[in-house]
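Open the model in your viewer and keep the sequence panel beside it. The stops below say what to select next and what is there.

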Amino acid sequence: AADTLVGKVVRIVDGDTIVVESEDTRYRVRLAAIDSPEKNQPWGESATRSLRRILAGQEVRIDWYKKDRWKRLIGYVWVAPPDCTTCGYTLDAGMYQLTVGMAWHFKRYAHEQSPEQRGQYEFAEVEARAKKSGLWSDPEPMPPWEWRKEH
């Protein structure tokens with residue numbers, strides 16, 4: 001069962017983490033089911049810029065379902081698409097990052113997704129790889145979980 005939080009994005013931390021303000025409280029939010037390159041990792045700054053393009057200063061709806069060990073909310077971040085501000089919260093920011101090749105589907109947590117979501121996220125990564133979008137244009141992109149072990 002997810003809880004819902006609506007607020008304004010006040011900071012993009014990296015390609016999969018944001019800070020949202022709601023009713024004078026700030027929340028650190030980790031986008032569910034994706035893992036983007038770390039800031040100091042190749043593609044890290046690109047992933048951050050990609051998320052900034054669609055979320056910076058925007059009002060978002062977060063469907064969150066747990067907190068991690070750093071007390072971040074883990075959830076799906078929804079925003080109005082940049083080209084359709086009257087569309088409501090119809091763009092899934094995590095799915096966007098996968099589609100443009102700025103994240104991996106974080107299969108370690110895929111069991112937390114519905115079968116439908118899992119299939120959509122898996123397909124988005126496969127399609128981005130096939131198109132060599134973003135980090136997939138690199139001949140051997142290193143997953144962030146491996147990069148973190150080395151650094």
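**Stop 1: helix H3**

Select helix H3 and look at the face turned away from its buried side: the exposed residues there are Pro115, Glu116, Phe123, Val126 and Ala130. Exposed means over 50% relative accessible area, buried under 20%, and partly exposed in between, with a 1.4 Å probe and protein chains only. Helices (H or I, at least four residues) and strands (E, at least two) are DSSP runs, numbered from the N terminus.

This is a predicted model, in which local features need pLDDT of at least 70 and side-chain atom pairs count only at pLDDT 80 or more, while totals for chains, interfaces and linings use all residues. Residues are numbered from 1 along each chain as its sequence is written, and side-chain values use heavy atoms, with hydrogens and water left out.

Now colour the buried residues of H3, which are Tyr121, Ala124, Glu125 and Ala128. Viewed down the axis of H3, these buried residues fall within an arc of 95°, so they line one face of the helix; the arc is that of the directions from the helix axis to the C-beta atoms. An α-helix has 3.6 residues a turn, so residues three or four places apart point the same way.

What do the buried residues of H3 pack against? Show strand E4 (34-35), strand E6 (73-79), strand E7 (91-92), helix H2 (93-99) and strand E8 (104-105), which are their packing partners. Contact means heavy atoms within 4.5 Å.

For the length of H3, pick the end C-alpha atoms of residues 115-131: they are 24 Å apart, which agrees with the 24 Å that its 17 residues should span at 1.5 Å a residue. The expected span is 1.5 Å times one less than the number of residues.

**Stop 2: two residues with positive phi**

H3 is followed by Lys132. Lys132 lies in the loop between H3 and H4 and counts as exposed, at 56% relative accessibility. Its phi is near 55°, a positive value in a residue other than glycine. Then select Asp24, in the loop between E2 and E3, where phi is near 65°, also positive. Asp24 is exposed, with a relative accessible area of 76%. Most residues other than glycine have a negative phi.

**Stop 3**

Go to helix H2 and select Gln97. Is Gln97 buried or exposed? Gln97 is buried, with a relative accessible area of 0%. Leaving out residues up to four places away in sequence, its contacts include Gly15, Ile34, Ala47, Leu51 and Met102.

Ser22 is in strand E2 (residues 17-22) and counts as buried at 10% relative accessibility. With the sequence neighbours up to four places away left out, Ser22 touches Leu5, Val6, Gly7 and Tyr27.

**Stop 3: the largest pocket**

Strand E3 (25-31), E4, strand E5 (59-67) and helix H4 (144-150) each supply at least two residues of the lining.
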